[in-house]
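Biologist: I have not seen this structure before. Please show it to me, and then I will ask about it piece by piece.

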Amino acid sequence: MTRAEKIEAALREAFAPRALDVVDESEAHRGHAGFQEGGESHFRVSLESEAFAGLSRIAKHRAVHNALGKDLMGQIHALALTVRE
């Protein structure tokens, strides 16, 4: 399973999202810090779920990081998040 697939599976399980988009943007960062040959180092995630109702932006981001877990977060160099209720 790729990192993108792991990210998607973890977020679907944790938040039952109405909308979820996970994009590997690693190739756009070739030559920059954290780039890994083969990709899967830089991701952009757009997530929409009722689970975020009433949470601050920081709380939403923390919830996503917790759902992904320490191990998977440790394998990702950059994670850009757009999180909505």
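**Reading the model**

Modeller: E13 is exposed, since its relative accessible area is 72%. Keep in mind that this is a predicted model.

Biologist: Which element holds E13?

Modeller: The C-alpha atom of E13 is separated by 8.6 Å from that of A67, 54 residues apart along the chain. As for its own element, E13 lies in helix α1.

Biologist: In what order do the elements of the chain run from the N terminus on?

Modeller: There are 2 helices and 3 strands in the chain. From the N terminus on, their order is α-β-β-α-β.

Biologist: At what angle do helix α1 and helix α2 pack?

Modeller: Two packed helices are described by the angle between their axes and the distance between the axes. Helix α1 covers residues 3-15 and helix α2 residues 57-75, and their axes are 9 Å apart. The angle at which they pack is about 155°.

Biologist: Is α1 roughly parallel or roughly antiparallel to α2?

Modeller: The angle between α1 and α2 is about 155°. Angles over 145 degrees count as roughly antiparallel. Therefore α1 is, relative to α2, roughly antiparallel.

Biologist: Is the crossing of α1 and α2 left-handed or right-handed, and how many residues of their contact are nonpolar?

Modeller: The crossing of α1 and α2 is right-handed. On the α1 side the contact is made by R3, K6, I7, A10, L11, A14 and F15, and on the α2 side by A63, V64, A67, L68, L72 and Q75. Of the residues in this contact, 2 are charged, 1 is polar and the nonpolar ones number 10.

Biologist: What is the phi of A16?

Modeller: A16 is placed in the loop between α1 and β1, and A16 is exposed, with a relative accessible area of 62%. Most residues other than glycine have a negative phi. The phi of A16 is positive, although A16 is a residue other than glycine, and its value is near 40°.

Biologist: Is S26 buried or exposed?

Modeller: S26 lies in the loop between β1 and β2. Buried means under 20% relative accessible area. S26 has 1% relative accessibility, so S26 counts as buried.

Biologist: Which backbone nitrogen does the side chain of S26 reach?

Modeller: The side chains of S26 and D24 are joined by a polar contact of 2.5 Å. S26 and E40 are 14 residues apart along the chain, with 6.0 Å between their C-alpha atoms. At 2.8 Å, the side chain of S26 reaches the backbone nitrogen of S41.

Biologist: With which side chain does the side chain of H42 make a polar contact?

Modeller: H42 is placed in strand β2, residues 42-48. Its relative accessibility is 4%, so H42 counts as buried. At 2.7 Å, the side chain of H42 makes a polar contact with the side chain of S41.

Biologist: Leaving aside its neighbours within four places in sequence, which residues is V23 in contact with?

Modeller: V23 is found in strand β1 and is partly exposed, with a relative accessible area of 32%. V23 and S46 are 23 residues apart in sequence, and their C-alpha atoms are 8.7 Å apart in space. With neighbours within four places left aside, the residues in contact with V23 are H42, F43 and R44.

Biologist: What share of the residues in the chain is buried?

Modeller: Among contacts between residues at least 6 apart in sequence, 62% join residues at least 24 apart. The chain has 85 residues, and the buried share is 34%.

Conventions. Residues numbered from 1 in each chain as written. Predicted model: local features only at pLDDT ≥ 70, side-chain atom pairs only at ≥ 80, totals over all residues. Heavy atoms only, no water. Axes fitted to C-alpha atoms, helices over the stretch in contact; angles between N-to-C directions. Helix = DSSP H or I, 4+ residues; strand = E, 2+ residues; numbered from the N terminus. Parallel < 35°, antiparallel > 145°, perpendicular 65-115°, else oblique. Left-handed = near helix turned anticlockwise from the far one by under 90°. Contact = heavy atoms within 4.5 Å. Nonpolar A, V, L, I, M, F, W, Y, C, P; charged D, E, K, R; others polar. Buried < 20%, exposed > 50% of the residue type's maximum accessible area, 1.4 Å probe, protein only. Polar contact = N/O pair within 3.5 Å; in protein donor to acceptor, adjacent residues only side chain to side chain.
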